[in-house]
Amino acid sequence: MKVISTEKSQILAARIATALNTTVVDVKFSRFPDGELYLAAGKLDDETVIVGSITDSDALIQLLLLIDACEGSKNHLVLPYMGYARQDKRFRDGEPISARAIAGLFGEGIKDCITVNIHEPSVLNYFKVPVTNISLAGDIGDCIASMGLSDPLILAPDDGALAFAESVASKGGWDYDHLEKTRLSGVEVKMAPKKLCAASRPVVIVDDIISTGGTIATASNMLYKQGATDVYAICVHGVLIGGAYTHLKVGEVRDICCSDTIERSCSRFSAAKSIAAAIRG
Ligand code: R5P
């Protein structure tokens, strides 16, 4: 077995290879003069773990090219971050179900697939191959434990993420809750924990994705007003678009970190061991 990856998932792929006690395949990436993507894989094996987060269109094309290059091998596809999963239904007439369109691309040449904290589990039904969705809630719990916080409150940004926060909190036996938005007027919105009080304690907001950082920056401001001593943000997928990291810092979030499903400078824990365990079965 060998591990092969797209350009933007190289570090995670190397970690998965180490966890599986195997090696990565050397891949040459370049472009044709007209801009089309090109790649050439080195020596392959008869079983291959193909790793590629769908962070943008080029990453998706590289993934499709890699799958084709690995023709004839028993291929396990790993989608650490599946872009387009948030458009999981038709919200308005005329829209595509983007998650279905993307999932449908993976069938021929793939034995099975692994996703990580997919935004909406129903998206798994759109795949044509068996899919296992793994969760890094435990890894986030370990990350929080390493921070040495005293009696932290683990907060989900909304009720839909409460089960995730509960799973993170179970690692340390910490309190958990979710934020609730109350509209005070046409322009004023209050965000506070639904049941618990954030005063005089550190709060860690946990989520699957931080995208613009807007949700967490607003929540952080309000939690400080409610007396929280420090606010931290930890997510699985650090999408972090449009200056999100800075936006969170301005919102006085003390520390922001994510996993390496999207490789960032603030990637502080790895999905590799959990992915390797899922591949081993
Ligand atoms: C939403 O359902 C997701 O779990 C995240 O809360 C959301 O994507 C975060 O978005 P943003 O960082 O842009 O507020």
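Analyst: A nonpolar core is a set of buried nonpolar residues, such as Ile and Val, joined through side-chain atoms within 4.5 Å. In this predicted model, the largest such core has 38 residues.

User: Which residues of the largest nonpolar core touch the most other members?

Analyst: They are I16, I140, I144, I154, V206 and I275. Domain 1 (2-135 + 271-280) and domain 2 (137-260) each give at least three residues to this core.

User: What makes F164 a contact of I140?

Analyst: Contact means heavy atoms within 4.5 Å, so F164 and I140 have heavy atoms within that cut-off. With neighbours within four places in sequence set aside, I140 is also in contact with V168, V206, I234, C235, V236 and F269.

User: How do you know that domain 1 and domain 2 are in contact?

Analyst: 11 residues of domain 1 contact 10 residues of domain 2. The area buried between the two domains is about 930 Å², and carbon and sulfur atoms give 46% of that. Y81, R86 and N117 supply 45% of the area that domain 1 buries against domain 2, more than any other three residues. The centres of the domains, taken over C-alpha atoms, are 29 Å apart.

User: Why is the largest cavity called a cavity?

Analyst: It is called a cavity because a 1.4 Å probe fits there but cannot get out. Its volume is about 60 Å³, and one cavity of 30 Å³ or more is counted.

User: What lines the largest cavity?

Analyst: Its lining includes Y81, R86, N117, I209 and H237. By class, the lining has six nonpolar residues, four polar and one charged. R86 is the charged one, because Arg counts as charged.

Key
Residues numbered from 1 in each chain as written. Predicted model: local features only at pLDDT ≥ 70, side-chain atom pairs only at ≥ 80, totals over all residues. Heavy atoms only, no water. 1 Å grid on protein atoms, 1.4 Å probe; cavity = no way out; pocket = protein on both sides within 12 Å on 5 of 7 lines; lining within 4 Å. Points joined across faces, edges and corners; volume = space filled by probe spheres on them. Buried < 20%, exposed > 50% of the residue type's maximum accessible area, 1.4 Å probe, protein only. Domains from an automatic or database assignment. Buried area = accessible area lost by both parts, 1.4 Å probe.
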